[in-house]
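Q: I have a model open and would like to learn how to read its side chains. Could you walk me through it?

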Amino acid sequence: MKYNVKCVLVDDEPMAREILTSYIDKIPNLELIKSCKNAAEVLVFMQDNTADVYFLDINMPEITGLSLAKIISKKAQIIFTTAYRDYAVEGFDLQVADYLLKPISFDRFLQAVEKVKPIKKEEESNQFIFVRADRKMVKIDFNSILYIESLSDYVKIYTPETTFITRETISNLEEQLPQNIFLRIHRSYIVSLHQIISYTNEFIEIQQKALPISRGYKERVLQKLARL
């Protein structure tokens with residue numbers, strides 16, 4: 001894998017989460033950004049965050065994995081993890097990437113992860129984005145972006161030459177950006193990894209501008225930066 005695949009674990013069993021976490025740690029560039037014990041935690045996470053693939057248990061209390069998958073499937077790929085064979089048909093009806101039956105071996109887990117690669121490659125083939133600014137669609141090269149700042153329903157995209165203001169949410173814009181170049185560090189900030197001059201546990205410096213790393217993003221951000 002030449003890009004980071006952001007993944008989320010969803011399972012009400014601590015041991016199951018522990019096993020899958022150990023598997024994820026063994027695969028380069030497969031990045032665990034959230035581990036959830038129920039669907040409610042996932043729905044809160046999705047309000048301000050995105051992921052590429054969800055490892056999703058089916059048999060969970062209150063909101064089942066099948067119900068949750070119908071919400072997630074429009075935004076990310078799904079790999080079901082379950083101890084029950086009976087759900088296989090329903091799972092594939094939702095066009096999930098794979099269906100893993102517990103106990104899950106590492107080899108079988110690796111096979112499932114490989115299935116998310118083709119879509120990711122296609123998403124990252126472009127090296128630019130078009131945004132609406134000044135009543136026209138403006139092309140902005142990824143390499144020219146310094147960082148992005150949220151202003152509620154608007155975002156500012158900073159480049160060395162100018163700043164573009166477009167009516168868009170930062171979460172929607174994040175979904176369009178390649179994750180091997182950009183990193184969300186705060187509800188209000190996305191930075192270009194190529195433009196980072198220095199960083200601490202609290203801030204990232206880009207062109208003499210100190211951008212805050214929020215508490216909710218800190219662990220993932222520091223893990224990501226440590227791998228660069």
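A: Gladly! Keep in mind that this is a predicted model.

Q: Let's begin with cysteines. How many disulfides are there, and why?

A: A disulfide needs two cysteine sulfur atoms within 2.5 Å. Here the count is zero. Take Cys 7: its closest cysteine sulfur belongs to Cys 36 and is 11 Å away, too far for a bond. Cys 36 is likewise in no disulfide. Cys 7 is buried at 0% relative accessible area, and Cys 36 is buried at 0% as well.

Q: Which residues of helix H5 are buried, and where do they lie around the axis?

A: An α-helix has 3.6 residues a turn, so residues three or four places apart point the same way. In H5 (residues 106-114), the buried residues are Phe 109, Ala 112 and Val 113. They span an arc of only 100° around the axis, which places them on the same side of H5.

Q: How do I read the aromatic pairs?

A: Look at the distance between the ring centres and the angle between the planes. The structure holds eight aromatic pairs. One of them joins Phe 80 and Tyr 99: with centres 6.4 Å apart and planes at 75°, the pair is edge-to-face. Phe 80 is in strand S4 and Tyr 99 in strand S5, 19 residues apart. Tyr 147 and Tyr 189 make a tilted pair, with 6.4 Å between centres and 55° between planes.

Q: Which residues form a cluster through ring pairs?

A: Tyr 23, Phe 55, Phe 106 and Phe 109 do. Lys 26 lies over the face of Phe 106, 5.2 Å from the ring centre.

How values were computed:
Residues numbered from 1 in each chain as written. Predicted model: local features only at pLDDT ≥ 70, side-chain atom pairs only at ≥ 80, totals over all residues. Heavy atoms only, no water. Buried < 20%, exposed > 50% of the residue type's maximum accessible area, 1.4 Å probe, protein only. Helix = DSSP H or I, 4+ residues; strand = E, 2+ residues; numbered from the N terminus. Arc of directions from axis to C-beta. Phe/Tyr/Trp six-rings, centres within 6.5 Å; stacked < 30°, edge-to-face > 60°. Lys NZ or Arg CZ within 6 Å of the ring centre and 35° of its normal.
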